[in-house]
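Dear colleague,

Please find below the sequence and structure for your review.

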Amino acid sequence: MNKEKPSKKEAPATDRTQCEATLQMLEKARRDGVKLDLDRGFEMKPCPIGEESACCKHCYMGPCRLNSRDPYAKVGICGATIDTIMSRNFGRMVATGSASHNDHGMHILKLFRDIVEGDVNDFGIEDTAKLEKVALSIGIEVEGKTVKEVGIELCNELEKTFSNVSGEMPFTRRVPEETLEHWRKNGIVPRGAMLEVMELMSRTHIGCDQDYENLTKQISRAALADGWGGSMVATELSDIMFGTPAPLQAEVNMGVLKEDHVNIIVHGHEPAMFEGMLAAVNDSFFIDMAKDKGAKGINLIGMCCSGAEMMSRHGVPHAGNFGSTEAVIVTGAVDAMVVDIQCIKQGLAEVAKCYDTHLITTNPRCHIEGATHIEFEEKAPRQCTDEILSKAIARYATRSMPVEIPKQVQSGIHGFTHEYIEYMLGGTFRGSYSPLNDNIINGRIRGVAGVVGCTNPKVKQDSVHVELVRELIKKDVLVLQTGCSQIALAKAGFLVPEAGALAGPGLSEVCETVGMPPVLGLGSCVDNTRILIAASAMVKAGGLGNSIADLPAAGAAPEWMSEKALAIGQYFVASGVYTVFGIGFPIVKSTRFHDLLFNGLEEQGFGKWGTAKDPVEIARLMIEHIDKKRQQLGIDKARERTLVDMSDRREIAS
Ligand code: CUV
């Protein structure tokens, strides 16, 4: 066992996480002498200049370090100002985030094509109604055509999302007219994702785009190519292939591990491998093999984003978010952890070695030193999944580690979609967003907030997510969630209809009437596109303005860490949403680029960025914005009346 000595200055483990299961495992890891990311994160002292993006490594004349306290005192060797340097750095982070989602979307599209053309037979088309709906939404006629014909046309059209070199991306047809027109006027309608990311990279080369305002336009365009491009393609086609989620009950937290079962955890972002695993674990051959080795069965569990996706779609139990992926291995009960792409910590390899867990990479785009690579191929999924199962079962049979599984497990409702919100509030025959809009207009619901994103060891895991959402629902803001944030709130017990009791009087009344939780879980962070479509549907339903920027809505990623989160933030801002990030922001304050992102963009008719560390302050900023939008829409008075009505009614009742 490769052990590290715990540092003498170690802070209490209770400072690292709000999740009791993760805390128990962190304490065990410390006793075992194994260092986890949660401790590494607190010990790392980030470079203060890098943290604020005040340095440039875009050529080898430098690196050039500017003084973030006096940012205009100096320029880089080429003459680049602080605004040029920061906007280029920010642009490259957005480019990477957008590239990640678009790479994922392209692979989903390839799988979809292989299925409709008959080259892949182990997966199929689950939701033909959604296939037609998506096709119609981008102008493909479906009348009289077979599933295969519609599928091929959809493929050909959606391929333009990535390969277009001019024109407008297919899904921009779903953008509210006024929002799209605004993008056109500003020259930021995304063409093709490969072009937008390439152009952003090229414009950030030394000596190219050195006007931060002009560069910001391309940053927005590359980000929109993520939200209305690759991510949306991935969500929509995954629903068509594997089934559109609908609300279901699922269990979350480490208590989903079972000591007497073979435990296999899958985490990453590609649904196909996980779907393949789901099929394989139900094969009686492997169930018998596991039983032969003394196990009661095989327990397939998800984590992080593909976990959130599989939980939403099939109710697969979920063991925890990004901050818990190393900690869960400390249970000793994980026989195999199977990963594909994105947000897979390299540190897993070391922890897995310490606890004799198989860490298995499956994707050609993501190998990890020290892990076993078993490549997953959609054309022959069982080759990979069966080998994984054999290894996991063998490890169960020879478990040498003492097993300690935290007891925490929380049941909740997951699997909401923009389609379901429409159905839930409007009914089967008159499915519509009007009832949601009506409840916003009459003030029962103050506004809508998207709370999403990662966890980050710079702060106590889950704490900012949970306190922020608590505050928002208390003030009658309906919360939509995805990704690791959804898991944080699910663990804290907010994804149940009874949590309506924690909401303010207006929202709790709506929750009670509809039987829904005040916090709706929509899936993985790729599925943030469900929020974009819901926002467009709200605009189209009427009464809340003509563009996304008019909506009483706001977004937040209170514990963000990934470049994908920045790309998501930027596509929400460019779509018209005020978006607040916790932790910190990689830009020097009181600079012109900072002012553009945090004020200027809103003045130009887009959304804008905000940042605060404290959850109550984040909520305050979001609510202030929502109230400002209500006032601009002229519906601020309605809310006052509704709330007076509510308290009057309670007084009468008591
Ligand atoms: Ni794709 S991007 S840590 S898995 S939400 Fe979770 Fe979400 Fe952030 Fe990563």
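**Cavities and pocket**

The volume of the largest cavity is about 420 Å³. This is a predicted model, in which local features need pLDDT of at least 70 and side-chain atom pairs count only at pLDDT 80 or more, while totals for chains, interfaces and linings use all residues. Residues are numbered from 1 along each chain as its sequence is written, and side-chain values use heavy atoms, with hydrogens and water left out.

On a 1 Å grid over the protein atoms alone, a cavity is a set of points where a 1.4 Å probe fits but cannot get out, and a pocket is an open set with protein on both sides within 12 Å along at least five of seven lines; lining residues have an atom within 4 Å of a point. Grid points are joined across faces, edges and corners, and a volume is the space filled by probe spheres set on the points.

The whole structure holds 5 cavities of 30 Å³ or more. Lining the largest cavity are 43 residues, of which Gly 450, Val 452, Asn 528, Ile 531 and Phe 572 lie nearest its centre. Among the elements that give two or more residues to this lining are α12 (304-314), β10 and α20 (528-541); helices (H or I, at least four residues) and strands (E, at least two) are DSSP runs, numbered from the N terminus. The most comes from α20, with 6 residues. Because domain 2 (248-397) and domain 3 (415-653) both contribute lining residues, the largest cavity lies between them; domain bounds come from an automatic or database domain assignment.

By class, the lining of the largest cavity has 33 nonpolar, 9 polar and 1 charged residues. Here Ala, Val, Leu, Ile, Met, Phe, Trp, Tyr, Cys and Pro count as nonpolar, Asp, Glu, Lys and Arg as charged, and the others, Gly among them, as polar.

The second largest cavity contains about 90 Å³ of space. Of its 13 lining residues, Cys 56, Cys 59, Cys 64, Cys 78 and Arg 88 lie nearest the centre.

The largest pocket has about 1200 Å³ of space. Its lining comprises 39 residues, with Pro 46, Glu 51, Asn 456, Lys 458 and Ile 583 nearest the centre. By class, these are 18 nonpolar, 9 polar and 12 charged. The element giving the most to this lining is α2, with 4 residues. Domain 1 (82-242) and domain 3 (415-653) both supply lining residues, so the largest pocket lies between them.

Yours sincerely
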